[in-house]
Amino acid sequence: MPNQQGELRLGVIGTGCIGMEHIRNALLLPSVRVVAIADPHEPSRQTALAELQHAGVREVIALERDAEMLQLSDVDAVLVCTPNDTHHAVMRQVLASGKHCLVEKPLCTLISHCAETVALARQPGGFGGTAPLLWCGMEYRYIPAIARLIQEADQGLIGDLRMLSIREHRFPFLKKVGNWNRTNERTGGTLVEKCVHFFDLMRRILRSEPRRIFASGGQEVNHKSVDSDVLDSAYVIVDFQSGARAMLELCMFAEASKHQEEVSLVGTRGKLEAFAPSHGTKQDDESEVNFRRCLRSSKFIAEYEERELAESRARARPEVRLRLAEGRSARGRPPTSSAARSSRRTRRLTRG
């Protein structure tokens, strides 16, 4: 993906809050250079230009329309950081351009738009006849403490995964251009706009797909004085096909929390916990590490596994006992032909 000089040339579409985060991160990478930005909002565009110029980046093309950026040959990949409800239209243009892309979550606000975007991304084209790379940013997987939890869970350290709890206690939604993040119509709703990270973590950690979902939420404190209908708190319980269960607890009026996210994973052999400091905190309290592990005693594990093995063997035995022996029924009368056929079928099903 980098050019012949080993440099990745980025274009950033949308230079609001999250676009600025991506620009600052790109500036930390010596092999990455931001060469173009696009945003219809003049103040956002000027803020991004000032940030880049302060970092010593002089040659940056600033555009109002993203379509113009996608025509630039010296842009290798783009970051899509626009409001959620614009992703579908922007992504259609990006994928048609053949440029590689990282799009901010959520991919789109409607399931049909997500399906269409994925289908377009899988079509061959772009560079050298191959499909361009498309990645929806799910960075919570890479928070160091959570990444360690995932790694140890994958290694089977705590046995079969049974319960996963994710709690986020944080500040309200940030103020954005035109308050676009205050309505369900533009964001997809809080559980899509914000909590898609946690549903992604549930599927990744448990390595299973959901089969049943229960949820309850409301708008209890935040944004009640403005035209807003987004949730600020919720509980969501997800039953997975593997038999595991997961729960999300969200509160967006709890900005005094020590940890913004807390993840607890319990398996048959033990428990893993991961903690992420609240925003604005440079490092966590050194007296309390961000990751904890607690394994069950070997005696408990041995007894549990022995019990599981016995129950598994019991489940494997036929539950229905045949009362027919040597072609005669339990009352001593010969069975009817239909009963005899049923008996033979039952025997074939229960053998081995």
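Visitor: What pLDDT does the protein chain average?
Guide: The chain averages a pLDDT of 86, and 83% of the residues score at least 70. pLDDT is the predictor's confidence in each residue, from 0 to 100. This is a predicted model, so local features need pLDDT of at least 70 and side-chain atom pairs count only at pLDDT 80 or more, while totals for chains, interfaces and linings use all residues. Residues are numbered from 1 along each chain as its sequence is written, and side-chain values use heavy atoms, with hydrogens and water left out.

Visitor: Where is the pLDDT below 50?
Guide: Residues 319–332 are one such stretch, with 15 contacts in the model beyond near neighbours in sequence. Residues 334–352 are also below 50, and that stretch has 12 such contacts. Contact means heavy atoms within 4.5 Å. Where pLDDT is low, the predicted coordinates should not be read in detail.

Visitor: Okay, on to the sheet. In what order do the 6 strands sit?
Guide: The order is β3-β2-β1-β4-β5-β6, in an open sheet with parallel pairing. Two strands pair if DSSP finds at least two bridges between them. Helices (H or I, at least four residues) and strands (E, at least two) are DSSP runs, numbered from the N terminus.

Visitor: Which are the edge strands?
Guide: Those are β3 (61–63) and β6 (134–136), each pairing on one side only. From one strand to the next, the twist averages 20°.

Visitor: How many bridges join β4 to β5?
Guide: There are 4, between residues 77–80 of β4 and residues 100–103 of β5. Within that pairing, Val-78 has Cys-101 as its bridge partner.

Visitor: Which strands does helix α4 lie across?
Guide: Helix α4 (residues 87–97) lies across β1 (8–13), β4, β5 and β6, running at about 175° to β4. Helix α2 (residues 42–54) lies across β2 (32–38) and β3, at about 160° to β2. For those angles, axes are lines fitted to C-alpha atoms, for helices over the stretch in contact, and the angles run from 0 to 180 degrees between N-to-C directions.

Visitor: Is His-87 buried or exposed?
Guide: His-87 is in helix α4, and it counts as buried because its relative accessible area is 0%. Buried means under 20% relative accessible area, exposed over 50%, and partly exposed in between (1.4 Å probe, protein chains only). Which residues touch the most other members of the largest nonpolar core?
Guide: Leu-164 and Leu-265 do, in a core of 31 residues. A nonpolar core is a set of buried Ala, Val, Leu, Ile, Met, Phe, Trp, Tyr and Cys residues joined through side-chain atoms within 4.5 Å. The elements giving two or more residues to this core are α6 (144–154), β7 (161–169), α9 (196–206), β9 (233–240), β10 (245–251), β11 (259–267) and β12 (270–277). A second, separate core has 23 residues, including Val-35, Val-80, Cys-101 and Leu-107.

Visitor: What is Leu-265 in contact with?
Guide: Leaving aside neighbours within four places in sequence, the contacts of Leu-265 include Leu-149, Ile-158, Leu-164, Ile-205 and Leu-272.

Visitor: How many residues of α9 are buried?
Guide: In α9, 8 of its 11 residues are buried. Among them are Val-196, Phe-198, Leu-201 and Ile-205. The cover over the buried residues of α9 includes α6, β7, α8 (190–193), β9, β10 and β11. Just after α9, Arg-207 takes a positive phi of about 50°.

Visitor: What about Phe-199, which residues does it touch?
Guide: Phe-199, in helix α9, touches Leu-191, Val-236 and Leu-248, not counting residues up to four places away in sequence. Phe-199 counts as partly exposed because its relative accessibility is 24%.

Visitor: Last one: how many disulfides does the structure hold?
Guide: It holds 0. A disulfide is a pair of cysteine sulfur atoms within 2.5 Å. The sulfur of Cys-81 is 8.9 Å from the closest cysteine sulfur, in Cys-101, so that is too far for a bond.
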